[in-house]
Amino acid sequence: MSQVLIESLSATIVDLPTIRPHKLAMHTMQQQTLVIIRVRCSDGVEGIGEATTIGGLAYGNESPESIKTNLDAHFAPLLVGQDAANINAAMLRLDKVIKGNTFAKSGVESALLDAQGKRLGLPVSELLGGRVRDSLEVAWTLASGDTARDIAEAEQMLDIRRHRIFKLKIGANPVDHDLKHVIAIKKALGERASVRVDVNQYWDESQALRACQVLGDNGIDLIEQPISRINRAGQVRLNQRSPAPIMADESIESVEDAFSLAAEGAASIFALKIAKNGGPRAVLRTAQIAEAAGIALYGGTMLEGAIGTLASAHAFITLKQLTWATELFGPLLLTEEIVTEPLLYRDFALHVPRTPGLGLSLDEERLARFARH
Ligand code: MUC
Ligand code: MG
């Protein structure tokens with residue numbers, strides 16, 4: 001078989017409406033912005049990927065606009081003319097001259113995997129060594145900003161058997177206000193649901209010490225990123241003292257971060273995110289570090305649309321155990337999609353297709369309608 005080359009790489013920014021405002025400590029989302037990556041190859045195969053963040057630059061070091069600029073100016077010239085079927089070589093070539101930029105790298109790696117899967121007639125999970133399950137349990141984030149509305153939303157999700165794990169976004173309000181909000185929701189849902197919180201780094205260590213104790217005492221199952229990623233010593237102390245397990249999210253901006261967190265004992269759970277490691281293969285390296293260190297796993301999201309969500313899911317279904325399940329609900333937060341087939345969410349889980357590649361195709365008409373010009 002003659003070598004298949006990468007002919008072009010393009011990036012399109014897409015703005016999609018959300019079902020309601022989504023309130024995080026650092027930003028209230030009124031819509032979600034995706035960067036859709038298309039890699040065209042000389043055999044006529046096209047791979048699609050997604051590089052998505054939250055709130056412009058509110059969450060991480062890359063924004064949709066910087067992702068597109070860097071893909072156009074720096075990634076595309078390095079990739080055009082390269083072997084499309086050798087994903088190791090392509091990603092090493094990028095890593096050699098492009099520091100960081102894990103969101104953009106993740107979208108590119110996803111697109112190369114999608115193309116290779118379509119070419120070989122295999123799902124991405126099989127390119128990653130093979131799936132050990134077909135579905136993943138999915139948590140829902142309650143983030144309307146209103147306690148009664150959050151409880152009603154959770155009750156509805158339980159009724160329709162879509163979610164029974166709820167993550168509450170806190171940190172923006174005074175600590176006692178947030179604690180009351182969380183405890184009220186846990187009381188209303190009781191043993192019918194797992195209730196967890198994500199503080200998105202908004203507490204300092206002095207606040208977190210007491211708050212983690214109160215949350216643990218009130219049946220909260222997990223506390224995500226309570227303090228700044230920069231305060232590593234504080235994370236180690238909190239991990240030793242909190243009655244509820246501490247999960248690292250923002251603390252992981254690379255596979256190397258995962259290693260140092262594990263070595264220092266700064267968390268007992270890792271949120272796995274393809275965007276923060278550099279792709280579906282890169283995130284599995286972080287998972288392997290966690291597994292070796294006895295750290296539990298959770299399948300995280302940057303609230304991607306269908307493409308980024310399935311790129312994550314294909315990696316996560318190859319893992320031995322996701323003790324804390326996943327939060328791959330991004331597409332359910334959107335009122336519109338840009339792919340032809342919606343993802344299948346049923347009985348509390350996302351079911352991962354067995355069709356070649358990621359298992360999705362772009363809806364060209366919808367993509368053109370929502371693309372930013
Ligand atoms: C985060 O910090 O985990 C994931 C779910 C959600 O609602 O926000 C994200 C980001
Ligand atoms: Mg988080």
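How are the donor residues of the magnesium ion (ligand 2) spaced in sequence?

1. The spacing of these donor residues is D-x25-E-x24-D, and the ion is coordinated by Asp198 (OD), Glu224 (OE) and Asp249 (OD) at 2.0 to 2.2 Å. Donors here are N, O and S atoms within 2.8 Å of the metal (3.2 Å for Na, K and Ca), and water is not among the atoms, so sites may look incomplete.

2. This is a predicted model, in which local features need pLDDT of at least 70 and side-chain atom pairs count only at pLDDT 80 or more, while totals for chains, interfaces and linings use all residues. Residues are numbered from 1 along each chain as its sequence is written, chains are lettered from A and ligands numbered from 1 in the order in which they are written, and side-chain values use heavy atoms, with hydrogens and water left out.

3. Glu224 lies in strand S8 (residues 222–224), and Asp249, 25 residues apart from it, lies in the loop between strand S9 (246–248) and helix H9 (255–264), so that the pair links distant parts of the chain. Helices (H or I, at least four residues) and strands (E, at least two) are DSSP runs, numbered from the N terminus.

4. Both residues are buried (under 20% relative accessible area, with exposed over 50% and partly exposed in between, for a 1.4 Å probe and protein chains only): Glu224 has a relative accessible area of 1%, and Asp249 has 0%.

5. Elsewhere, an open antiparallel sheet of 3 strands runs in the order S4-S13-S12. Strands S4 (135–137) and S12 (344–346) stand at its edges with a single partner strand each, so one side of each lacks a neighbour in the sheet.

Terms used: Two strands pair if DSSP finds at least two bridges between them.
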